[in-house]
Amino acid sequence: MTTKIKPRMSDEAVEAKTGKTWSRWFKHLDAAGAKKMTHQEIVTHLRDKHDVRPWWTQMVAVTYEQARGLREVHEKPSGYEISVSRTIAASTSKAFRAWADEETRKRWLSAKFTIRKATMNKTIRITWSDGTDVVAGFYPKDEAKCQVVAQHGRLKDAKAAAKMKEFWGGALHRLKDLLE
């Protein structure tokens with residue numbers, strides 16, 4: 001089975017870093033029997049037989065798996081994972097406080113969860129009410145602007161991933177409105 005996908009990287013970029021275009025990688029991996037390999041076996045093949053660097057082994061393997069219908073978009077070994085980000089005209093400390101302070105958080109996020117670990121102005125690790133994992137990341141752009149990323153993992157299927165992608169898009173939009 002072949003699925004029509006648009007790789008996240010251009011042919012030029014993948015060829016510059018790996019020596020082959022997407023179509024050449026797909027033909028090569030088909031000939032090597034990758035349709036019957038596990039993800040780790042594909043990665044090992046790319047590393048050991050073609051000297052592909054670690055980040056690119058993952059990119060080529062995942063893109064191949066998606067193109068051949070072996071893996072869905074957002075699918076990971078531990079379930080599905082999505083991420084949503086927003087650039088906000090606020091400092092990282094202000095954005096972090098809007099997550100960490102329960103009263104402020106209630107103004108933009110209505111959900112039940114437990115904060116497992118917080119690293120001031122960097123990350124908040126959360127166990128969602130259904131047992132899935134959320135990591136909120138805070139990245140400074142300048143003194144008065146930051147990027148906030150909500151990464152939600154261990155989701156059960158593509159439908160749950162799509163639902164949470166929409167949920168986090170709305171939540172981060174409300175956070176942006178609150179802080180700006």
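**Exercise 1. Find the helices that the buried residues of H3 pack against, then say how those residues are arranged on H3.**

Solution. In this predicted model, the buried residues of H3 pack against helix H2 (22-31) and helix H4 (54-67). Next, list them: His39, Ile42, Val43, His45 and Leu46 are the buried residues of H3. Look down the helix axis. The buried residues of H3 fall within an arc of 155 degrees, so they line one face of the helix.

Now check the span. H3 covers residues 39-50, 12 residues in total. From first C-alpha to last it reaches 16 Å, close to the expected 16 Å. Asp51 follows H3, with a positive phi near 55 degrees.

**Exercise 2. Determine the strand order of the sheet, and name the helices that pack on it.**

Solution. Start with the order. Six strands form an open, antiparallel sheet: E1-E2-E6-E5-E4-E3. The edges are strand E1 (75-76) and strand E3 (113-119), each pairing on one side only. E3 pairs with strand E4 (residues 123-128) over six bridges. Within E4, Ile126 stands opposite Ile115. Helix H5 (residues 92-100) touches E3, E4, E5 and E6, and makes about 160 degrees with E5. H7 lies across E2, E4, E5 and E6, at about 15 degrees to E2.

Terms used: Residues numbered from 1 in each chain as written. Predicted model: local features only at pLDDT ≥ 70, side-chain atom pairs only at ≥ 80, totals over all residues. Heavy atoms only, no water. Helix = DSSP H or I, 4+ residues; strand = E, 2+ residues; numbered from the N terminus. Expected span 1.5 Å × (residues − 1). Buried < 20%, exposed > 50% of the residue type's maximum accessible area, 1.4 Å probe, protein only. Arc of directions from axis to C-beta. Contact = heavy atoms within 4.5 Å. Pairing = 2+ DSSP bridges. Axes fitted to C-alpha atoms, helices over the stretch in contact; angles between N-to-C directions.
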